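Morning, everyone. Please have the sequence and the model open while I talk. I'll take the ligand, then the helix packing, then the backbone.

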Amino acid sequence: MVLPHVFQKSPSGESLYYTWFSAMHTRVDLIFISREAESFYSNLTNLIHKRIFEIEQIANCFNPKTEISEVNRSAASRKVKITEELYQLLQCCIQSNFKTCGLFDITTDSKNFSSTTISQVALSEDREIFFGLPDIYLNLSGFLKGYALEEIHIILKNAGIHDALINMGNSSILGLGHQIGHTGWSVKLQNSGEEIILENECLTTSGNNSVQQLHIVNPLNGIFVTGKRSLSVVTTSGIEGEVLSTALLLANNFQRQQMAHEFQIKRIIHS
Amino acid sequence: MIVQTDSAENILFANFFRVLLFFHIFAQTLEEILNLTCKPELTHYIIMENKLNRRAFLKGLGIVGAGVLASTSPWLAAFSEVDHTMKERCRIGIIGPGSRGRFLLSFLLQNPKVDLVAFSDIYQPSLDEALKMAPHAKTYKDYRKLLEDKSIDAVIVATPLNTHCKIVLDAFQAGKNVYCEKTIGYDMSQCRSMYNTFLKSGKIFFTGQQRLFDPRYIKAMEMIHQGTFGKVNCIHAFWNRNDNWRREVPSPNLERFINWRLYKASSKGLMTELACHQLQVGTWALQKLPQKVMGYGAITFWKDGREVFDNINCIYTFDKGEMMTWGSDISNKFYGLEEQIMGNWGTVEPERGKYFFEDIDPAPAFLQMINEWENKVFGSIPFAGTSWAPETADENHGEYILGKRPDNDGTSLNVDAFVESVITHKQPPRIAEEGYYAAILCLLGHEAITRGEILSFPDEFKINYSTYHTKAPSAL
Ligand SMILES: NC(=O)c1ccc[n+]([C@@H]2O[C@H](COP(=O)([O-])OP(=O)(O)OC[C@H]3O[C@@H](n4cnc5c(N)ncnc54)[C@H](O)[C@@H]3O)[C@@H](O)[C@H]2O)c1
């Protein structure tokens, strides 16, 4: 399969490949700059596309056929054996809940949710999961794009691609290496117009893109973030970017300081 | 002449864009661009009273780099010396200043490099109208007298189809450079002898295929040739109208003279008058010529004594099975005029100025970044923000090929390019050949219809035109 793309080669031998496809309920844009042939990039794109599809098969809670959906359906009534990958993802999410003073929480969509719901998600060392309460619902959507960025990064490293821009739906962006003639990748925030240079870094944004939107809830008090506002964060890790962009949007001063200790935050932008 | 080096190419196309500006093609766009993006640290070009940076202008047009332009539309090289010809003059005569001739005249009169010397027409009202626009021009009833005028460098031939060949051959014979309106010849042999005479003459030969200079088409072809829409397998071109295609006739004995389009002796109807433009778009997009043609035509609605079809459909097939259809029905205008160029990833409709992707659109910001990469200019692109979800996108309304629909269809640039070429004595690559093949294709379609046969592209009408086999400008 060859996905839609634009390929260009400069007289000096550099080549640029741009491809886009839909995944994770959004559009994924990939730009690679190297000296490779078109077919090389097409194969690379296929690998990435396949990997994102695999991640979705495991962790997309909106698809009833995925592993996480099976967990959501069954883990309250029986222990469910899960794959190593899902196990690692869930562990990371639970740890992130601690590190963000409870502000990053994958259980907020559960019926009768409270800030302690997440404590009822039990992961055993032999990769089994069990819910201590009925109707717990795990939603990893706010995490997966960042995870996908890290996975794509690994594939690119193995392929010897050092200069690339990866965009998962505008909210999770990874800039690797350089745009030719530049230091890093220059990206602007749509809202504020602020320019951010990404050099092996991720830019992750959370927030409301309209006044009507209510989709980010503070797990500690159940209050939704209101108004058209967003927060962007620059990190080296895509996963941390996802966790932090949501948690920092909800955090008070004290919680923000706590997170500054726990994570390597390079920059925070409010818009 | 195409200059090979990268930087020279850039200059060449910088000049082209200067010309665009010079002739105020994009007056509105220009104003916006000037307001938005002129930065003092960048190179400025002075065009008339305005200062413009090339980078901003390229960006505003959304035109990709010079390299791609050089292979997609090499005839734009006509503008490569536009600066050095500022003080030069081109002395022009118009043969047949009827409706199209006067339209071309309106652009020539705006070009400071043109001296409009004379008109020739056998119909006094046409001369009278032309003189209203250029009162000092000489007039001749017989075009041969105009050709004898040694002060004239070039002629525009805008007479009815059946008269083109003789006039053009005489014009080359008289040592004139020629711009002949489409369709160049009444039959394929005429086209061939016109083309061969041009080759021998060493003069400039342009044809009235203005889409070759239409910014929407130029940009669309760039994108197509870069593979942005995947593999193009099918092109549906059509030109529908709902009118009788007649002109008012002051006296019945002038019917065949005024309505020459409707009669077999002077025209091949919709094929030569309309299809000629759109078939050329198809070969431009596919970068090859069709192998076979079939078609059907009839007079189904306007049974008013006309002799040419008012309803036509043709299929042109290519070596890998690709197809181009061309159709025209002049009793229904609902679908109007378009060339739907269809790749496995997307569709381009250059007439409407839009493109559409099959599934998900590419990010405009990323496409812009690619243009900038090609032009070696970089800015930061605003796209970062909260998550983009497909349901927030509207139904597929497509994207504009150029931000705004230019109100120019390429005609003025086509004429200006001719003037430049006459002044520099340099025939731009592929321009005569595009006009030649456009004519051959529509005439071949007409023949397939009238003979009721599937016709192969005749070898005897293939010209040495290697550019369709390679995209490299060095091969030109
Ligand atoms: N490129 C385009 O988009 C476009 C558009 C319209 C017309 N055209 C072409 O332009 C040409 C003219 O079309 P038009 O609509 O202007 O027709 P028209 O009838 O309005 O004008 C033709 C003129 O030629 C004159 N003429 C006829 N025989 C002559 C001769 N032997 N010597 C001198 N003058 C002579 C006529 O008197 C008339 O003034 C055609 O070839 C047509 O296909 C091109």
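A polar contact here is a pair of N or O atoms within 3.5 Å; within protein, one must be able to donate a hydrogen and the other to accept it, and residues adjacent in sequence count only if both atoms are side-chain atoms. This is a predicted model, where local features need pLDDT of at least 70, side-chain atom pairs count only at pLDDT 80 or more, and totals for chains, interfaces and linings use all residues. Residues are numbered from 1 along each chain as its sequence is written, chains are lettered from A and ligands numbered from 1 in the order written, and side-chain values use heavy atoms, without hydrogens and water.

Ligand first. A backbone N or O atom of Arg100(B) sits 2.7 Å from a ligand oxygen atom. Trp260(B) places a polar side-chain atom 2.9 Å from an oxygen atom of the ligand. For His277(B), that side-chain distance is 3.2 Å. The protein buries 89% of the 850 Å² that the ligand exposes when taken alone. Those areas are Shrake-Rupley values with a 1.4 Å probe; for residues, only the protein chains shown count as cover.

Ala, Val, Leu, Ile, Met, Phe, Trp, Tyr, Cys and Pro count as nonpolar, Asp, Glu, Lys and Arg as charged, and the others, Gly among them, as polar. Helices (H or I, at least four residues) and strands (E, at least two) are DSSP runs, numbered from the N terminus.

Now packing. The axes of helix 10 (residues 215–225) and helix 12 of chain B come within 9 Å and cross at roughly 35°. Axes are lines fitted to C-alpha atoms, for helices over the stretch in contact, and angles run from 0 to 180 degrees between N-to-C directions. Helix 10 of chain B brings Tyr217(B), Ile218(B), Met221(B), Ile224(B) and His225(B); helix 12 of chain B answers with Val281(B), Trp284(B) and Ala285(B). Contact means heavy atoms within 4.5 Å. The classes are seven nonpolar, one polar and no charged.

Last, the backbone. Thr183(B) is in the loop between strand 7 (177–180) and helix 9 of chain B.
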